[in-house]
Amino acid sequence: MTQKNWSPLLAVAPLAVAFGVPALGADMAVKAPPSPMTPPYLWTGWYVGANAGYGVGQSQGNYSFGPGAPGPGIETFNAMPGGGFGGGQLGYNYQINNIALGNFLINGVVLGFETDIQGAGISDTRTCLLNCLGGTSALIDQRLNWFGTTRARVGVATGPVLAYVTGGVAYGGTETGVTTTVGGATGSSITSAVKSGWTWGTGVEAALGGNWTAKVEYLYVDLGSSSASSSVPAGASTLSVKHQEQMFRGGVNYRFGPDQSAAMRPTYNWAGLFVGGTFGAGIGRNDSTFVIPAANAEAFFLSPRGFNGGGIIAYNWQFGSWVVGVDADFQGSTGSGYLTCAAVCSGTSATTIDQTLSWFGTARGRLGYAVGPALFYATGGAAYGEIKESFTQSAAGTTISPSFSHSKSGFAVGGGIESKLDIFGLLGPNWMTRTEYLYIDLGSVSDIFTNPSVAGGAAQVLTSNVHEHILRTVVSYKFGAP
């Protein structure tokens, strides 16, 4: 079986988000200098802050049962620890203005560095693999207990709004364990290590007032791989798993220096009708069980992941600094699945399971607070989409390939930062861009099929709970007064 390597997928999409849309919000055209009464907003200086978020693992694991265990010896699965984290950061920015580029004068290039440390409760203790009958199983335990990064940041500021990309080194405390049971005998081991690797990502930060700013940020963290083994009378079993995480987080920073509230005025007019397009990426962490009669259920994660894009229509009402709105969007998705191989318990073959998210949409309310040219908001409402599963199962010379499709509904919640979009001064004042995170829950799906060569042709059942994490950019045009 050929495995697709989707590991950089969510890092590539947000990188395009930062450079292709929000980062282009720089005021690059030559304009008259600001009035002495309204000094420009400057990002230069030290800052400290706090952050919190949610991490989703996305790496593949391989488990090899010992030589004494019956049936297929190796299973491939999605190693998907998930959970919350929180911590603090320290950084420094340096803003460069008046960079000549042909006929343009580029302002607001921001260079900097940031270091952070977080405690984490990111774990996968659900994955339980079976190897045919006879009470043979392997329970996987993978954890990220803490992590930190030290990164460079490069961004472009539009006044008090900064869009940036970031990259550097990462490190963290990991645990990798496995408990194997064969014929009633149990063996286990756990490996704890401090791992190092690399990280990159993107974010948008905007001023809240005074010396405070807030940000939404995505990081892809790769801490290499670990292995563990457990010995039972049937022989040693081995586990190999990678540590690759998608981190979605928000944070606040306090910037040292003078109060720049005057440089944030006036508050933008957000009321009116908006129409636009979206582009982003998503990763699923769908806890699933696969039941073959006369055997216990295997438990693992399926992970549809891919790019998504589509259209959006929105309307806002504004009451001073408070903004209330409604959004409706529809997205197509590449939605390519991440294959899982499960033991068949008949012969020496396995079942390959692939799950995809074909399309999805949402209808949500928004509640936001406007500060200068930025809108900070939370959002929630209904979601719907199509989930597909395909199977390939071979046993005793018989191969079947059933497939299923489900249209499901559920809910979506999230938040983001929206601001004015200005590309080289060519766009008018009615163009907007937002960076947005959405968590989508589409409930559960269930597939039932039979194979005459497996368990006497009795029904086999896959049940999966569908949860998707989406990071995307929205570009829209506002009708009416800017």
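Ring pairs join F290, F391, F404 and F449 into a cluster. Here, rings of Phe, Tyr and Trp (its six-membered ring) pair if their centres lie within 6.5 Å; planes under 30 degrees apart count as stacked, over 60 as edge-to-face and the rest as tilted. This is a predicted model, so to speak of local features takes a pLDDT of at least 70, side-chain atom pairs count only at pLDDT 80 or more, and totals for chains, interfaces and linings use all residues. Residues are numbered from 1 along each chain as its sequence is written, and side-chain values use heavy atoms, with hydrogens and water left out.

Across the whole structure, the search turns up 22 aromatic pairs. One of them brings together Y218 and F248, with ring centres 5.7 Å apart and planes at 55°, so this pair is tilted. Helices (H or I, at least four residues) and strands (E, at least two) are DSSP runs, numbered from the N terminus. Y218 is buried, at a relative accessible area of 1%, and F248 is buried too, at 7%. Buried means under 20% relative accessible area, exposed over 50%, and partly exposed in between (1.4 Å probe, protein chains only).

Then there is W431 with Y477: the ring centres are 5.2 Å apart and the planes stand at 70°, so the pair is edge-to-face. W431 belongs to strand β24 (residues 431-450) and Y477 to strand β25 (residues 459-478), so this pair ties together parts that are 46 residues apart in sequence. Both residues come out as partly exposed, W431 at 30% relative accessibility and Y477 at 31%.

Rings also turn up under charges. The charged end of R153 sits over the ring of Y164, 4.3 Å from its centre, and that of R366 sits over the ring of Y377, 4.5 Å from its centre. For this, NZ of Lys or CZ of Arg has to be within 6 Å of the ring centre and within 35 degrees of the ring normal.

R366 shows up again around T379, a residue of strand β21 (residues 374-395) that touches R364, G365, R366, A412, V413, G414, G415, E436 and L438, not counting residues up to four places away in sequence. Contact means heavy atoms within 4.5 Å. T379 counts as buried, at 7% relative accessibility. Its side chain makes a polar contact with the side chain of R364 (2.7 Å) and reaches the backbone oxygen of G365 at 2.8 Å. A polar contact is a pair of N or O atoms within 3.5 Å; within protein, one must be able to donate a hydrogen and the other to accept it, and residues adjacent in sequence count only if both atoms are side-chain atoms.

As for the overall picture, the protein chain has one helix and 25 strands. Strand β4 (residues 82-96) pairs in the antiparallel sense with strand β1 (residues 45-57) over 12 bridges, and with strand β7 (residues 109-124), also antiparallel, over 13 bridges. Two strands pair if DSSP finds at least two bridges between them. Within β4, G91 stands opposite Y47, while L90 stands opposite T115 in β7. Buried residues make up 53% of the 482 residues in the protein chain.
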